[in-house]
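Here are a few notes to go with the model. Have it open while you read.

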Amino acid sequence: MKESKYIWKNGKLIAWKDATTHILTHTLHYGNGVFEGTRAYMTKKGLAIFRLEEHTKRLINSAKIVYIKCPYTKDELKNAQIELLKANKECYTTNVYLRPIIYLGYGAMGVYHLNSPVEVAIASWEWGAYLGQEALEKGIRVKISSFTRNSVKCNMGKAKAVGNYLNSQLAKHEAVACGFEEALLLDDNGFVAEGSGECFFIVRDGVLITPPHDNTLESITQDTVMHIAKELGLKVEVRRITRDEVYIADEAFFTGTAAEITPICEVDFRIIGEGKRGEITKKLQDYFFTIVMGENEKYKHFLTYID
């Protein structure tokens with residue numbers, strides 16, 4: 001990881017090396033905390049945060065779901081992210097990833113969490129394509145995981161919560177250990193849910209299909225893709241997808257803040273379509289990058305420029 005100069009923590013900019021936590025930080029032991037992943041793109045007009053409003057709203061909502069009272073308002077957190085990027089501006093030559101986190105600090109132990117102080121921090125660093133730049137063109141190989149996506153019967157799946165990602169880590173490790181790049185998780189009813197950190201789409205007969213939010217995170221990039229699909233005149237269906245339907249899809253891809261739009265060329269040793277990025281996936285990718293790079297006037301409201 002390429003370090004930046006500052007991290008924003010509890011209302012102040014501090015040196016990257018000083019952004020430390022106590023070993024008895026409550027979240028470290030019990031897993032209750034929430035975070036966001038947000039990108040800022042190096043456009044011709046300068047650095048611009050993509051969909052800052054929506055990402056910050058989801059962060060606040062996540063905290064509410066897991067019963068953590070954030071000491072900052074949405075506007076204060078938005079301004080904090082802008083302040084951080086401005087302070088670190090000299091560190092960046094390309095696209096940047098932002099990681100705001102709300103967590104429970106040092107003060108009390110035991111499962112009950114309301115006696116622990118709430119801490120808020122935001123880090124930012126240069127980060128390229130999550131699954132590799134080459135993957136954006138050639139696609140990745142995916143394994144359907146033996147791990148089931150956390151059930152709504154026992155977890156708060158609409159929260160981007162720290163503890164939820166243990167399941168994702170194990171699924172990702174299994175996939176990589178088996179020679180794949182990423183995992184695809186089914187829900188507890190056997191229908192496709194999402195990747196270890198991405199939302200999922202397939203294309204069949206020209207129709208774009210994505211799972212409902214019954215057992216998935218409400219993805220901001222997924223929403224962006226659906227906006228783009230409408231612009232391109234593509235039919236979109238939000239419905240359950242079975243495992244075998246994935247195998248016979250014409251195209252498939254992951255979406256997410258980190259993954260952006262990453263084609264899938266193979267699932268469980270079955271070649272998807274022609275085994276490379278499909279035509280519709282490429283059209284969606286190309287349109288997406290005009291938006292995030294500030295080249296599409298219609299979607300300029302999705303960008304917050306850093307002066």
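**Pocket and helix notes**

1. The lining of the largest pocket splits into twelve nonpolar, 15 polar and eight charged residues (nonpolar: Ala, Val, Leu, Ile, Met, Phe, Trp, Tyr, Cys and Pro; charged: Asp, Glu, Lys and Arg; polar: the others, Gly among them).

2. A caveat: this is a predicted model, where local features need pLDDT of at least 70 and side-chain atom pairs pLDDT 80 or more, while totals for chains, interfaces and linings use all residues. Numbering runs from 1 along each chain as its sequence is written, and side-chain values use heavy atoms, leaving out hydrogens and water.

3. The largest pocket holds about 670 Å³ of space. A pocket here is an open set of points on a 1 Å grid over the protein atoms alone, where a 1.4 Å probe fits, with protein on both sides within 12 Å along at least five of seven lines; lining residues have an atom within 4 Å of a point. Of the 35 lining residues, K160, Y165, S196, G197 and E198 lie nearest the centre.

4. Helix 5 gives the largest share of that lining, five residues (helices are DSSP runs of H or I, at least four residues; strands are E, at least two). Other elements supplying at least two include strand 6 (96–104) and helix 6 (220–231).

5. Helix 6 also packs on helix 8 (residues 279–292): their axes, lines fitted to C-alpha atoms over the stretch in contact, come within 10 Å and cross at roughly 110°. The two are therefore roughly perpendicular (65 to 115 degrees).

How values were computed: Grid points are joined across faces, edges and corners, and a volume is the space filled by probe spheres set on the points. Axes are lines fitted to C-alpha atoms, for helices over the stretch in contact, and angles run from 0 to 180 degrees between N-to-C directions. Angles under 35 degrees count as roughly parallel, over 145 as roughly antiparallel, 65 to 115 as roughly perpendicular and the rest as oblique.
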